[in-house]
Amino acid sequence: IGLTNAKSNDAQSGFETGMSTMLGLLGGADMLNMTGLLDGLMAFDFTKVVTDDEIALMLKRVMRGMEFSEENLTLDIIKEVGPGGMFLDQPHTLKNMRTAALLPSVADRAARLMWQRAGAVELHTRAEKRVRDILSTDDPGFFSPEVDAKIRATFEGIVAGNVLPLDVPITVPETY
């Protein structure tokens with residue numbers, strides 16, 4: 001569930017990962033294999049990790065389900081605004097819009113004109129930038145300096161947990 005036979009992080013990769021994880025989720029699966037794996041587990045791609053993360057966030061939103069309550073249905077606001085009215089400027093909408101739906105960091109949901117004015121950058125390029133941002137940001141770790149010192153004292157020679165970007169571009173041989 002979540003695997004793809006695509007050889008690159010392309011449309012095939014997206015639809016195979018998205019469809020198989022959604023179907024697995026709807027069937028009751030709660031453990032998915034998806035982060036960055038391509039070509040039937042034979043390849044790994046950092047940009048796919050970033051796009052798979054957004055797929056996983058969407059799946060988490062689906063799993064949360066829809067809540068139907070007096071508060072979130074806001075029938076009083078619907079009655080006040082009326083058919084065809086504007087809800088985006090309502091305080092309830094502003095308060096809940098960031099948690100009711102997923103606001104992706106790599107997928108682009110802007111109108112075409114706005115996307116074009118911003119350089120018409122495609123998803124793969126945005127994912128590459130996100131990967132570089134992640135890999136070039138210091139990762140201070142999750143342990144306090146005291147706990148880190150105890151771990152390093154116990155396990156001599158343990159490597160640092162932070163990741164630094166390579167200065168050399170990664171190349172993949174034509175045959176692998």
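Predicted model: local features only at pLDDT ≥ 70, side-chain atom pairs only at ≥ 80, totals over all residues.
**Overall layout**

The chain has 176 residues, of which 18% count as buried. It holds 8 helices and 2 strands. Read from the N terminus, the order of elements is α-β-β-α-α-α-α-α-α-α. Contacts between residues 24 or more positions apart make up 52% of those with a separation of 6 or more.

**Salt bridges**

Side chains of opposite charge can pair when their charged atoms come close. In this model the count comes to 4 salt bridges.

| Pair | N to O distance | Placement |
|---|---|---|
| Lys7 and Asp39 | 3.4 Å | segment before helix H1 (11-26); loop between strand S1 (37-38) and strand S2 (43-44) |
| Lys48 and Asp52 | 2.8 Å | helix H2, 4 residues apart |
| Asp148 and Arg152 | 3.0 Å | helix H8 (145-154), 4 residues apart |

Take Lys7 and Asp39, whose side chains meet in a salt bridge. Lys7 sits in the segment before helix H1, and Asp39 in the loop between strands S1 and S2, so the pair ties together parts that are 32 residues apart in sequence. The partners differ in their surroundings. Lys7 counts as exposed because its relative accessibility, 55%, is over the 50% cut-off. Asp39 is at 15%, under the 20% cut-off, and therefore counts as buried.

Lys48 and Asp52 pair within helix H2. Being 4 residues apart there, they are separated by about one helical turn. Lys48 is buried, and Asp52 is buried too.

Asp148 and Arg152 also lie 4 residues apart in one helix, H8, which is about one turn. Asp148 is partly exposed, with a relative accessible area of 27%. Arg152 is partly exposed as well, at 31%.

**Thr17 in helix H1**

Thr17 belongs to helix H1. Its relative accessible area is 0%, so Thr17 is buried. Leaving aside residues up to four places away in sequence, Thr17 touches Gly2, Leu3, Thr4, Met34, Lys48, Asp52 and Ile55. A polar atom of the Thr17 side chain lies 3.0 Å from the backbone oxygen of Ser13. Ala6 is 11 residues from Thr17 in sequence, and their C-alpha atoms are 9.7 Å apart in space.

**The second largest pocket**

Rolling a probe the size of a water molecule over the atoms shows where empty space is left. The second largest pocket has a volume of about 500 Å³. Its lining comprises 17 residues, and those closest to the centre are Arg61, Asn72, His92, Asn96 and Ala100. The elements that give two or more residues to this lining are helix H2 (46-64), helix H3 (70-73) and helix H5 (91-100). H5 supplies the largest share, 6 residues. By class, the lining has 6 nonpolar, 7 polar and 4 charged residues.

Note on methods:
Residues numbered from 1 in each chain as written. Heavy atoms only, no water. 1 Å grid on protein atoms, 1.4 Å probe; cavity = no way out; pocket = protein on both sides within 12 Å on 5 of 7 lines; lining within 4 Å. Points joined across faces, edges and corners; volume = space filled by probe spheres on them. Nonpolar A, V, L, I, M, F, W, Y, C, P; charged D, E, K, R; others polar. Buried < 20%, exposed > 50% of the residue type's maximum accessible area, 1.4 Å probe, protein only. Contact = heavy atoms within 4.5 Å. Polar contact = N/O pair within 3.5 Å; in protein donor to acceptor, adjacent residues only side chain to side chain.
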